[in-house]
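Here is a short report for a first look at this structure. Please keep the sequence and the 3D view open as you read.

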Amino acid sequence: VALAWALLSGLVLPSSLIASSVSEFSDIGSYGNPAIFLLYSLFQSLGLFVFWPLCVFFLFKEKITVKKLSCMILALTGCMLVSGIFESGSGMQGSVKGILLGLLAAFFYSIYSLISKMAMQRGYHAYTITFYSLVAVMLITLPLTDWNVTISIISDGGVTMILFMILHSLCASVLSYVLFTVSLKHIDAGI
């Protein structure tokens with residue numbers, strides 16, 4: 001059934017959409033042939049309907065229910081609506097690098113969810129999990145930081161900019177990760 005859903009949503013529906021107006025899907029960005037879009041959608045659908053459910057089933061022995069699949073489809077639909085890919089004038093273009101980075105981000109975020117859920121089950125507090133997660137992210141991103149830009153922004157903005165950056169990091173990173181990690185006590189980390 002999962003393979004049928006993947007083929008339907010990743011190959012049949014997109015190919016019928018492209019076939020309805022091939023000229024609109026040709027010569028988009030650096031892509032001359034619209035077949036690449038079918039490949040992207042097929043891989044995404046296989047991951048959504050086959051790969052992740054199998055991972056969750058084998059790793060956590062969780063049942064894959066209609067409710068979980070419905071939530072997954074609604075979440076994916078919400079991401080597509082927010083991204084603006086359905087807007088005709090958005091000028092949004094996909095690239096292989098962008099799609100791979102997006103898939104890697106989704107993969108590592110799901111790994112974070114699963115590891116955090118296991119840590120919560122072993123008795124670790126949400127603050128502890130968040131602290132070590134953010135320290136790991138800091139250590140990974142520090143060498144990638146453009147310090148000239150950072151210093152320029154801080155010197156131009158002064159103390160106000162420093163306070164803004166601290167407040168922004170607390171709200172956008174720390175608070176959101178603490179709330180997400182606490183919520184894992186009450187929900188499945190899987191699908």
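Gly 47 is in contact with Trp 52 and Pro 53, once its neighbours within four places in sequence are set aside. This comes from a predicted model. Gly 47 sits in helix H3, which covers residues 35-60. Is Gly 47 buried or exposed? Gly 47 is buried, because its relative accessible area is 15%, and the cut-off for buried is under 20%.

Next comes Ser 133. This residue belongs to helix H6, residues 126-141. Ser 133 counts as buried because its relative accessibility is 18%. Its side chain has a polar atom 2.8 Å from the backbone oxygen of Ile 129.

The two residues can be set out together.

| Residue | Helix | Relative accessible area |
|---|---|---|
| Gly 47 | H3 (residues 35-60) | 15% |
| Ser 133 | H6 (residues 126-141) | 18% |

Now to helix H7. It runs over residues 147-183 and has 37 residues. How far apart are its end C-alpha atoms? They are only 35 Å apart. A straight helix would reach 54 Å at 1.5 Å a residue, and H7 falls short of that. Where does H7 bend? The bend is at Gly 158, and the angle is about 120°. H7 also has buried residues, including Thr 150, Val 178 and Thr 181.

Definitions and conventions: Residues numbered from 1 in each chain as written. Predicted model: local features only at pLDDT ≥ 70, side-chain atom pairs only at ≥ 80, totals over all residues. Heavy atoms only, no water. Helix = DSSP H or I, 4+ residues; strand = E, 2+ residues; numbered from the N terminus. Expected span 1.5 Å × (residues − 1). Bend = angle between axes of the 7 residues up to and from the residue. Buried < 20%, exposed > 50% of the residue type's maximum accessible area, 1.4 Å probe, protein only. Polar contact = N/O pair within 3.5 Å; in protein donor to acceptor, adjacent residues only side chain to side chain. Contact = heavy atoms within 4.5 Å.
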